[in-house]
Amino acid sequence: GAATNALSSLAENPMCQSMIAAAGAIAPLVSMAQYAPDMLKLGALSALDVLSVNNADVVRQLGTEGAPEVLQGLASMGSGLLREEAKGFSTRLSEQPTAKRLNDQEHAKAARQTRQRYDGVRQRAFRRMQGWGDDAPNGQG
C-alpha cells in the first residue's frame, strides 16, 4: 500500500512517470486493483490513474493489461467508494486519447490533483471504517 502512494507521488513528474511505466509497474498494479483488499485496490487505482495522466503509452498499456475490464467490474461490484473511483477513472481513461497534450507544469498540476483526490477518498474510507462516516470533521477518524 505504501508503495502505491509513493508511485502516485513520483508519477507527478513526467520523467518519473515514464520510468515507472517502463519498469513494468502497470501489470502488477492492474492485478492489485483486481485482487487486493479494497484499501489496496484504491491505492492501485490511484497509482494507475496518476500514471495515465497525459501519457498515451500508459493508456495503451492499461488497455493491453485489461484495466478497462477491471474498472468495469469494480464499478459494478466494488464497495461504494471504490465503485465511484472506478467509474471516474474509467471515464478519464476513455477520454485520454483525445485530451490535449500537457506541458510539464500542467502535467504536474493535473497529476497532483488526481493523487490528492484519491488521498481524500482514502481518508473518507478510514473515517467510515472507524465509524465516523463522511461527516467527521477533518483530523478526526
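User: In what order do the elements of the protein chain run from the N terminus on?

Analyst: This is a predicted model, in which local features need pLDDT of at least 70, side-chain atom pairs count only at pLDDT 80 or more, and totals for chains, interfaces and linings use all residues. Residues are numbered from 1 along each chain as its sequence is written, and side-chain values use heavy atoms, with hydrogens and water left out. Helices (H or I, at least four residues) and strands (E, at least two) are DSSP runs, numbered from the N terminus. The chain has eight helices and zero strands, and the order is α-α-α-α-α-α-α-α.

User: Which residues of helix α6 are buried, and why do they lie on the same side?

Analyst: Buried means under 20% relative accessible area, exposed over 50%, and partly exposed in between (1.4 Å probe, protein chains only). In α6, residues 67-77, the buried set is A67, V70, L71, L74 and A75. They lie on the same side because they cover an arc of only 135 degrees around the axis, taken from the directions from the helix axis to the C-beta atoms.

User: Which residues are exposed on the other side of α6?

Analyst: The buried residues of α6 have cover that includes α3 (26-35), α4 (38-52), α5 (56-64) and α7 (80-95), where contact means heavy atoms within 4.5 Å. On the other side, the exposed residues are E69, Q72, S76 and M77.

User: What percentage of the contacts with a separation of 6 or more is between residues 24 or more positions apart?

Analyst: Of the 141 residues in the chain, 40% count as buried. Among contacts with a separation of 6 or more, the share from residues 24 or more positions apart is 68%.
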